[in-house]
Amino acid sequence: RMHIQDPPMILDFSSSSEIVDKAMFRLFTRSGEYVDFVVWPALLLHENGPLVQKGVVQPLKSKSTLKSH
């Protein structure tokens with residue numbers, strides 16, 4: 001139903017190595033500044049629309065981990 005509504009709802013998957021957008025995502029099991037992977041995507045009402053539900057991301061352990069990724 002999310003996809004067939006007009007306009008469709010959007011699942012926002014943040015890509016790796018991006019800085020965590022804490023307005024769109026909450027952190028999973030550790031703190032950090034850069035995204036390692038998305039646990040659950042953020043849900044937007046429509047493209048560029050308001051946030052319905054924050055997503056969950058697992059951040060990298062440290063910035064040095066980013067270089068070896």
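Strands are DSSP runs of E with at least two residues, helices are runs of H or I with at least four, and both are numbered from the N terminus. Two strands count as paired if DSSP finds at least two bridges between them. Axes are lines fitted to C-alpha atoms (for helices over the stretch in contact), with angles from 0 to 180 degrees between N-to-C directions.

**Basis of the values**
- Residues are numbered from 1 along each chain as its sequence is written, and side-chain values use heavy atoms, without hydrogens and water.
- In this predicted model, local features need pLDDT of at least 70 and side-chain atom pairs count only at pLDDT 80 or more, while totals for chains, interfaces and linings use all residues.

**Pairing in the antiparallel sheet**
- Strands β1 and β4 (residues 42-44) run antiparallel and are joined by 3 bridges.
- Opposite isoleucine 10 stands leucine 44 in β4.

**The mixed sheet**
- Another open sheet of 3 strands is ordered β2-β6-β3, and its pairing is mixed.
- Here β2 (25-27) and β3 (35-40) stand at the edges with a single partner strand each, so one side of each is left without a neighbour in the sheet.
- On average, neighbouring strands in this sheet are turned by 40° against each other, direction ignored.
- β2 and β6 (residues 55-59) run parallel, with 3 bridges between them.
- Valine 56 in β6 has arginine 26 opposite.

**Overall composition**
- The protein has 1 helix and 6 strands, in the order β-β-β-β-β-β-α from the N terminus.
- Of its 69 residues, 28% are buried (under 20% relative accessible area; exposed is over 50%, partly exposed in between; 1.4 Å probe, protein chains only).
- Among contacts (heavy atoms within 4.5 Å) between residues at least 6 apart in sequence, 53% join residues at least 24 apart.

**Surface**
- The protein exposes about 4,900 Å², of which carbon and sulfur atoms supply 55% (Shrake-Rupley method, 1.4 Å probe; for residues, only the protein chains shown count as cover).
- Phenylalanine 37 is found in strand β3 and, at 41% relative accessibility, counts as partly exposed.
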